[in-house]
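Reader: I would like to go through this model and ask what stands behind each label. Could you show me the structure and set the values against the cut-offs?

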Amino acid sequence: IALIQSTSSFQTSFTVSKAAFRYNQRTGSNNRAGVGYLHQTPQDQHEKPYILRKALMADLSFAARILADGFYDDRNAASKWWERLQTEMSLESNLPTFKNSEHEMWVACQRSDGKILAFCEVDNREKDFLNDTRPYMCNLAVHLDHRGQGLAQEMIQQCEDSADLWDQDKLFLKVREHNDPAVKLYSKMGYDIVATQVDEKTQDTLLVMKKGWEWRSVVAKPSGEEGTISIINQEETANMTSLKQ
């Protein structure tokens, strides 16, 4: 539960976001403000060697390299370079540029030097094709040197929290059928196979996986005052005057 002092009224209100409630469900905790870069309390941030934040244009070249290493590792050098270039241009053309967009790109950054360790994307915009599913998580990849450290789980949970804040109770993803480590991870995190598709470019079989969840609002009422419910988004969190646990 976060104690927030507003610049306009100096009155305190206790708020619990959807993301915070889901974090508490996952961890059994009842005293944290949730997951993600700005969702975490200062204590959480200093416990980990990395932070999660929304991607910037300057991040996308590094993100494209991580994606190319993850998805095209079996290609020769020239082909891999071409895929990385195309990926970078695609990310740059699709980078969310306005607030409150139901489309986000996230990066995990090493705290010490800002190195990009992982990337993911989550999208709840209007469907472009009949077989699209929303909200949809895609382009999840972790740097080769930093796998096995829980970064993929953190990125997935952040995408779930974003979907939750968009009033969604589910999240879809697609994964290649032969990518056993990824399929096992998604299954472990509660995702079920609901359909199969064929990748038109590679002819690989894709598994469409889905996870659903429920949430309920939790309100803590300080003595003598009426509690309030507030959904904390990234911009509001950044503008808070004080944030205490």
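Reader: Where is His103 placed, and why is His103 called buried?

Author: Happy to start there: this is a predicted model, and His103 lies in strand S4. Its relative accessibility is 2%, and buried means under 20%, so His103 counts as buried.

Reader: What makes the pair His103 and Glu121 a polar contact?

Author: The two side chains come to 2.7 Å, and the cut-off for such a pair of N or O atoms is within 3.5 Å. Leaving out residues up to four places away in sequence, His103 touches Asn94, Pro96, Glu121, Val122, Asp123, Arg125 and Trp166.

Reader: Why is Asn124 called buried, and where is Asn124 found?

Author: Asn124 is in the loop between S5 and S6. With 13% relative accessibility set against the limit of under 20%, Asn124 is buried because the value falls below that limit. Its side chain makes a polar contact with the side chain of Glu102 at 2.6 Å. Beyond its neighbours within four places in sequence, Asn124 is in contact with Glu102, Arg134, Pro135, Trp166 and Gln168.

Reader: And Arg65: why is that residue called partly exposed?

Author: Good one for contrast. Arg65 has a relative accessible area of 42%; buried is under 20% and exposed is over 50%, so Arg65 lands in between and is partly exposed. Arg65 belongs to helix H3. In space, Arg65 and Glu88 are 8.1 Å apart, C-alpha to C-alpha, while in sequence 23 residues separate them.

Reader: How do you know that S3 and S4 pair?

Author: Two strands pair if there are at least two bridges between them, and S3 and strand S4 (residues 103-110) have five bridges, in the antiparallel sense. As an example, Tyr50 has Gln110 in S4 as its bridge partner.

Reader: What is the strand order of the open sheet, and what makes S3 and S8 its edge strands?

Author: The order is S3-S4-S5-S6-S7-S9-S8, seven strands with mixed pairing. Strand S3 (50-54) and strand S8 (192-198) are the edges, as each pairs on one side only. Ignoring direction, neighbouring strands of this sheet are turned by 25 degrees against each other on average.

Reader: Which strands does helix H3 touch, and which does helix H4 lie across?

Author: Helix H3 (residues 60-71) packs on the sheet and touches S4, strand S5 (116-123) and strand S6 (136-142), with its direction at about 90 degrees to that of S5. Helix H4 (residues 77-94) lies across S4, S5 and S6 and runs at about 120 degrees to S4.

Reader: Which residues touch the most other members of the largest nonpolar core?

Author: Met155, Ile156, Leu171, Val175, Tyr186 and Tyr191, out of 30 residues in that core. Several elements supply at least two residues each, among them S3, S4, helix H6 (180-188) and strand S9 (205-212). H5 gives the most, with six residues. A second, separate core has 15 residues, including Ile51, Val107, Cys109 and Ala141. In soluble globular proteins, nonpolar side chains tend to be buried together.

Reader: To finish, how many helices and strands are in the chain, and what share of residues is buried?

Author: The chain has seven helices and ten strands, and 45% of its 245 residues are buried.

Note on methods: Residues numbered from 1 in each chain as written. Predicted model: local features only at pLDDT ≥ 70, side-chain atom pairs only at ≥ 80, totals over all residues. Heavy atoms only, no water. Helix = DSSP H or I, 4+ residues; strand = E, 2+ residues; numbered from the N terminus. Axes fitted to C-alpha atoms, helices over the stretch in contact; angles between N-to-C directions. Contact = heavy atoms within 4.5 Å. Buried < 20%, exposed > 50% of the residue type's maximum accessible area, 1.4 Å probe, protein only. Polar contact = N/O pair within 3.5 Å; in protein donor to acceptor, adjacent residues only side chain to side chain. Core = buried A, V, L, I, M, F, W, Y, C linked by side-chain atoms within 4.5 Å.
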